[in-house]
Amino acid sequence: MKRINILVVIFTWLLCTANTCNKEDCRKKIIFVNNSSKDIYIEGGVNMYPDTLNFNLWFPNPNRNPQYYRVKSGESNNNIAGMRKRDCPEKMVEQGRVFIYVFDAEVLETIPWDTIGKYYMVLQTYHPSIEDMESSNWTITYTGE
């Protein structure tokens with residue numbers, strides 16, 4: 001019986017540490033601002049690397065839910081796709097595990113997703129460091145340049 005209690009404690013500890021965020025420690029959200037003249041879509045990835053990214057395998061087309069992932073010109077969004085609710089942006093950025101992909105809305109809505117992935121039709125990729133995020137007050141600004 002004592003052995004089972006120890007196993008339960010270890011299992012519970014593993015579950016708690018596997019969850020990337022202690023809710024008291026996680027107070028930051030990444031805010032994405034679109035200062036370009038075009039509408040865009042943003043998609044977040046955790047533990048993905050741009051040189052090996054296969055869009056069809058890693059995540060579906062972000063235009064599946066434009067109300068969440070489309071950012072109109074001059075607007076902002078703090079619902080980075082790919083970041084699950086239990087993920088803590090602070091911890092994920094600190095671990096170097098966050099990538100944010102920016103897509104042209106017009107391209108995303110007119111070209112098949114497999115073609116976008118094949119030719120890596122990404123406007124910009126962000127891989128923010130904790131220092132970047134702290135100095136920008138957890139805001140990433142896309143200017144289209």
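Visitor: Where is Leu123 placed in the chain?
Guide: This is a predicted model. Leu123 is partly exposed, with a relative accessible area of 41%. As for its place, Leu123 is in the loop between α6 (113–118) and β6.

Visitor: In what order do the elements of the protein chain run from the N terminus on?
Guide: The protein chain has seven helices and seven strands. Read from the N terminus on, their order is α-β-β-α-α-β-β-α-β-α-α-β-α-β.

Visitor: What share of the residues of the protein chain counts as buried?
Guide: Buried means under 20% relative accessible area. Applied to the 145 residues of the protein chain, that limit gives a buried share of 36%.

Visitor: In which strand is the place of Ser76?
Guide: Ser76 is 41 residues from Asn35 in sequence and 8.7 Å from it in space, C-alpha to C-alpha. Its relative accessibility of 47% makes Ser76 partly exposed. The strand that holds Ser76 (residues 76–77) is β4.

Visitor: How many residues apart in sequence are the parts that Asp104 and Lys38 tie together?
Guide: Asp104 forms a salt bridge with Lys38, and the closest N and O atoms are 2.9 Å apart. Asp104 lies in strand β5 (residues 98–104) and Lys38 in the loop between β1 and β2, so the parts tied together are separated in sequence by 66 residues.

Visitor: Is Asp104 buried or exposed?
Guide: The limit for buried is under 20% relative accessible area. Lys38, the salt-bridge partner of Asp104, counts as partly exposed at 47%. Asp104 has a relative accessible area of 10%, so it is buried.

Visitor: In which helix does Glu109 lie?
Guide: Glu109 is partly exposed, with a relative accessible area of 40%. Its salt bridge to Arg70 ties together parts that are 39 residues apart in sequence, because Arg70 lies in strand β3 and Glu109 (within residues 105–110) lies in helix α5.

Visitor: What kind of aromatic pair do Phe32 and Tyr126 form?
Guide: The count of aromatic pairs comes to three. In the pair of Phe32 and Tyr126, the rings are 5.9 Å apart, centre to centre, with 80° between the planes. Planes over 60 degrees apart count as edge-to-face, so the pair formed by Phe32 and Tyr126 is edge-to-face.

Visitor: How many residues apart are Phe32 and Tyr126?
Guide: Phe32 and Tyr126 are both buried. Phe32 is in strand β1 (residues 31–34) and Tyr126 in strand β6 (residues 124–126). The pair links distant parts of the chain, and the separation is 94 residues.

Visitor: Which helix gives the most to the negative patch?
Guide: Glu94, Glu131, Asp132 and Glu134 gather in a patch of negative charge on the surface. Glu131 counts as exposed at 55% relative accessibility. With three residues, the helix that gives the most (residues 130–135) is α7.

Visitor: Is Trp138 buried or exposed?
Guide: Trp138 lies in the loop between α7 and β7 and has a positive phi of about 60° although it is not a glycine. Asn137 is found in the loop between α7 and β7 (139–142), has a phi near 55° and counts as exposed at 60% relative accessibility. Trp138, with a relative accessible area of 2%, is buried.

Technical notes: Residues are numbered from 1 along each chain as its sequence is written. This is a predicted model: local features need pLDDT of at least 70, side-chain atom pairs count only at pLDDT 80 or more; totals for chains, interfaces and linings use all residues. Side-chain values use heavy atoms; hydrogens and water are left out. Patches are made of residues with over 30% relative accessible area and no salt bridge: like charges are joined within 9 Å, nonpolar side chains (Val, Leu, Ile, Met, Phe, Trp, Tyr) within 5 Å. Accessible areas come from the Shrake-Rupley method with a 1.4 Å probe; for residues, only the protein chains shown count as cover. A salt bridge is a side-chain nitrogen of Lys or Arg within 4 Å of a carboxyl oxygen of Asp or Glu. Lys and Arg count as positive and Asp and Glu as negative; His and the chain ends are not counted. The place of a charge is taken as NZ of Lys, CZ of Arg, CG of Asp or CD of Glu. Helices (H or I, at least four residues) and strands (E, at least two) are DSSP runs, numbered from the N terminus. Buried means under 20% relative accessible area, exposed over 50%, partly exposed in between (1.4 Å probe, protein chains only). Rings of Phe, Tyr and Trp (its six-membered ring) pair if their centres lie within 6.5 Å; planes under 30 degrees apart count as stacked, over 60 as edge-to-face and the rest as tilted.
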